[in-house]
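Thanks for coming. I will go through one structure today, part by part, and then stop.

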Amino acid sequence: MIQFILNDKEIETGLSPGMVLLDFIRYHQHLTGTKIGCREGDCGACTVLVGELVNDDLQYHSVTCCLMPLGNATGKHIVTIEGINHPRELNMVQQAMADAGATQCGFCTPGVVMSLAGFCLSDKAPATENAIAAVDGNICRCTGYKSIERAAMQVAEKLRGKKDPVEFVTTQKILPAYFAGIKERLHRLAGKIIAAALKDVADAKERPHVVGGGTDLYVQKHDEMKDAAIRFLLDHPDYNSIHREGDRCIIGPSATVSDLQQSAIIQEAFLHFSRYAKLISSTPIRNMATIAGNFINASPIGDLTIFFLALDAQINLSPDPSPGERRGRSIPLRKLYKGYKQLNKDPDEHIESIWFELPAPGSCFNFEKVSKRTHLDIASVNSAFYIEMTGDVIQKAGLSAGGVGPVPMYLEKTSAWLQGKKITEEVIAAAIKTAQAEISPISDARGSKEYKSLLLGQLIRIHFMPLLKK
Amino acid sequence: MCLKPFADMRTFSYSPSGGGGNIDTYTHVRGESVYLDDIPVIAGTLYAAVFDSPVAHGKIISLDAYEAMRTPGVVRIFMAADIPGQNQIGGIVPDEELLAVSHVHFCGMPLALVVAETDEIARAAAKKINATIEPLPIITDPREAKEKGELIVPPRTFQIGDTTSTWAQCEYVFEGQTETNGQEHLYIETQGAYAVPQENGVIRIYSSTQGPTAAQRTAARVLGLPMNQIEVDTTRLGGGFGGKEDQATTWAVLCALATYHLNRPVKYSLHRMEDMRMTGKRHPYSSDYKIGLSKDLKILAYEATFYQNAGAAADLSPAVMERTLFHCTNSYFIPNVKATAYSCRTHLPPNTAFRGFGGPQGMFVIEAAIARAADALGIPASDIQQKNLLHTGDEFPYGQKAESEANECWNRMEELYQPEKMQQDIDAFNAANQWHKKGMAMMPICFGISFTKTLMNQARSLVHVYTDGSVGISTGAVEMGQGVNTKILQVAATVFSIDPARIKINTTNTYRIANTSPSAASATADLNGKATEIACHEILNRLKRVAADELKVNTEAITIKDECVYCKGAKTEWDWKKLVMATYIKRISLSELAHYTPPGIHFDPLKEKGHPFAYHTYGSAIITVTIDCLRGIYEFDSVKVVHDFGKSMNTMIDVGQCEGGIVQGIGWMTMEEIIYDKEGRLRSNALSTYKVPDIYSVPKEILIHPLETEKESLAVLQSKAVGEPPLMYGIGAYFALRNAIKAFNPSANISFDTPMTPEKVLMNLYPQPLKGG
């Protein structure tokens, strides 16, 4: 049995936990305000909100429910457009959309409204740019973005003075009053659900699929997943922390991109992390996509994989997915990949944790990504670079690149070659040449091989530019 | 009781809570608007899925559906042999089978229709169908098709003056070639239909279509039924952009075919990848141009040859090709023109209407020719553009005389935005920045309003006034985000002078309004709005006569304003509701079906001359862009426009159409890249590989300044058509990028090949040395 709250209603369903929440909402609950545009998380028409208790705090975030398995709704508050309607009047977000003339055909509109409602419920500062960032996953093909921007501006203005989001939106009558009681209702649901979920998996006979956020699995294997036996790891309390032990940062496999963005450890270690994150998919996808999922998916252009490859991150693999038993092995991330979507890993093994050495004082790090569309797109080429210097000599360099070979690449030769060099124009040019000899890009929808090779050279140049100026 | 006077209808805003310019806004923002897949399904509904050709060209050897048929839950699988009438869906040319019989002509061509108890079963079963197809040679390139004589229709040539004898008089002559890629419609609501059996063999089809009559006519033809047996009903579309003008028909007819045989409701709502794979797009064009200028930069002669990539069947291609010819000189007067167009048959899905309908493809070529000339002469393209703008009385190559606003728009644009100063700022920026370069381009537009097929310029409106004073209106217009329902409602509210809240615009239904033209060509509001205006006036006159009788005065003495009846300017005791009831009691009709055709339009395709357009819409834009010369990526800084709205009847809707059209046009010119491989398979087949603008790719600033005129009596309430024209401002994006690239790499040899993706930008910034092999 899967239990959660859908809008103002308690749900208990025996339907397959592998079906996507979108189908449950539309075809089982007949809530048709949530639209289907692409079923691959790329349009945002199916955006809904997910509320959950985090350290006794009720937090909401947006997701594209076409990629969210029903099982991941367990114990949460799922909010669709129907759940934020006032009986006979528009709420503040809806009014802002109306005032700005921000609807044309209207098909993307509920998704846009939900993203903005998610912004109202978030602890983000009420600034226009944050409101616009909230709709970064919503495609409007009437391309009425200017009016959506104007609506977002109005929403941000109306949120001035927001402290506790849930209290604010209910007392200001932005969202329906029932939101005020959700925290208590989720508490009541919580305990028995976790026990039940663990038991379900223990009962499964076949080897279960391991599902984190589902953002890739449900694009690649949508039909297969519906009736599959699934072990849900997204909400496992042992699997989504980000913490520090000495100079190491240890990341749970189910930590999402958004978790990284919000982590003080990550923010401190990578000054520009929020800029990098903005280049990675969209807000609702970042809210679901896990780091281990990005690694295991083995896409040659996985953004986080490229990010962590440059840091020479290590992964702990466990043959037993239940936490606490340390019988696994540890390998560098760069050793995980042996060919296109081929891993040095038994099917039984799972990533238990990820760790990397936090950047040394005085070191530099940069992440670059270029795609056809700057945001919400898959990279043509991405690259990350970590460098430690002593004086003007390179002590240690880690260079990674995606989209230039069958696997996400740690550019070993170039990285090793750089060690001991001084940074000059000639060294940069030689490094680019070495890197271009190390890669094997192919021509595809993301660009010709000539382009990818040129582009990688450019990205390497960009990595070095701030160092050259010193 | 009379209402308080309400706001002027031109600044009309409506919603139960008082905001928004579109009557649909209230339900849109609440998720309560009903699209095809939201219609509550009737018990017993079955679900369909198409099995489509995996190869682009071949002979069907066998089609094995045995395994598929054995799938539990599969009800039946339909093939060509199950079609009771004609297996033919071609609208202009009867050259397209609904289900392939002996040959397949494109990847995605429907071969069979699986009908099952659920959507999932239907799709899973379709995957089990096995087609053995003997491959035949595949053509994807339009020039190759033309060489091999694969033409959809004979070529057409528009001609004015004599180019041949003019070249010698030209100081400068330039020639070249251009390529414009296609564009995926990507309406966020995919194609779909839902057929429901009625008594006596009637089939009602709910269809997400811009052309309900096309769906009705084709369903009748395929099923061998009279048209009155087919009812097509459309509430609204989640985007159309031309993609649902002709190509919504296939799904409507397939569902109807299954319903015809099974007498059960059958629904098919396409998955995104099915939609992208099986439907046509904006036509790619390959074109040649030759332009000749005088010493003072007057364009004396222009020749163009267009090779339209029509895909595997005619669809709307001949009409699209025709509009390319109509717009081949854009907003310019050129005394000697010869333009020839070939509609070339290739093995791609039949390409179809897309906002602009061939016009943008024609306009790109003349803009490229001008840019090429400007490059060679070392002058800004705007010098040539400005000198050649149309004046009133100038003749288009097709014989119509211009009523031009081109210079007015351009001059206003210069006054308002000071492009010279903008260019100076850009030059200063470029001098000061090594790794970022800006570029700017101007883009004047001129777009003809009317269906170029004269007979399609007709519309009907059925207006009922009910005895409680409420009003119901049905027309042939389909609402797809362009705001046509709001505009029609405004027309009625204005003529009757009543509260807009009394008026309801009904679904578009072929039982209420017959023989409709599709909602297309930017003309929907004009045609259906004018018909509504006539119907409302007819009813209003009857109401006035009743009031005059009751008040014992002449009809001329009666006016109705803000729901109050005035007699010789003085308010009376009579109001709208009372007058409506009195009219009913007198047994006078409160309903009217009005018919409208715009006067004065004609075209002779033998001479290729005439007066095909009711009027033209003009405008001028300045587009600026900044390129990141390290990464090859770019951001548009601004689009500054003066647009000829006539007298806009709904500023919010019209500005929305402008802003949206501009961004869609920029998308076509920049990131939207359709990729077919040599086998005719679509590689950009999902939203992950075909990118349309997101909120971060829109220009930072879009300024739309209205050129307000009240000249155009053929526009509804003098408010000119606005659906398509603004898209063509987006063409300027390509030329702005080109100029920015040249600021970094003055020797760049940039081919006229759209879209200008970040890949092409980077490759032009850093040209690669040619390598052997």
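Before the first helix pair, a word on angles: axes are lines fitted to C-alpha atoms, for helices over the stretch in contact, and the angle between N-to-C directions runs from 0 to 180 degrees. Please also keep in mind that this is a predicted model.

With that, take chain B. Helix α14, residues 524–551, and helix α15, residues 576–585, pack at an angle of about 90°, and their axes are 9 Å apart. Angles of 65 to 115 degrees count as roughly perpendicular, so α14(B) is roughly perpendicular to α15(B). Which residues make the contact? On α14(B) they are R542(B), L543(B), V546(B), A547(B) and E550(B), and on α15(B) they are L579(B), A582(B) and T583(B). Sorted by class, the residues of this contact are five nonpolar, one polar and two charged.

Next, the sheet that goes with this helix. α14(B) lies across β21, β22 and β23 of chain B, and its direction is at about 120° to β21(B). The sheet is open, has three strands in the order β21-β22-β23, and its pairing is antiparallel. β21(B), residues 558–561, and β23(B), residues 570–575, are at the edges with a single partner strand each, so one side of each has no neighbour in the sheet. From one strand to the next, the twist averages 35°. Between β22(B), residues 564–567, and β23(B), there are three bridges in the antiparallel sense. C567(B) has A570(B) of β23(B) as its bridge partner.

Now chain A, starting with the domains. The division gives domain 1 as 2–84 + 179–232, domain 2 as 92–175 and domain 3 as 242–469. How far apart are the centres of domain 2 and domain 3 of chain A? Taken over C-alpha atoms, the separation is 33 Å. Four residues of domain 2 of chain A are in contact with six residues of domain 3 of chain A. On the domain 2 side, these are two nonpolar, one polar and one charged.

Last, the contact between the chains. Chain A contributes 63 residues and chain B contributes 64 residues. On the chain A side, the elements giving two or more residues are α2 (92–99), α3 (109–121), α5 (145–158) and α18 (449–469). The largest share of that side is seven residues, from α18(A). By class, the side of chain A that touches chain B has 27 nonpolar, 20 polar and 16 charged residues.

That is the end of my part; I will take questions.

Note on methods
Residues are numbered from 1 along each chain as its sequence is written. Chains are lettered from A and ligands numbered from 1 in the order in which they are written. This is a predicted model: local features need pLDDT of at least 70, side-chain atom pairs count only at pLDDT 80 or more; totals for chains, interfaces and linings use all residues. Two residues are in contact if their C-beta atoms, placed from the backbone, lie within 7 Å. Helices (H or I, at least four residues) and strands (E, at least two) are DSSP runs, numbered from the N terminus. Ala, Val, Leu, Ile, Met, Phe, Trp, Tyr, Cys and Pro count as nonpolar, Asp, Glu, Lys and Arg as charged, and the others, Gly among them, as polar. Two strands pair if DSSP finds at least two bridges between them. Angles under 35 degrees count as roughly parallel, over 145 as roughly antiparallel, 65 to 115 as roughly perpendicular and the rest as oblique. Domain bounds come from an automatic or database domain assignment.
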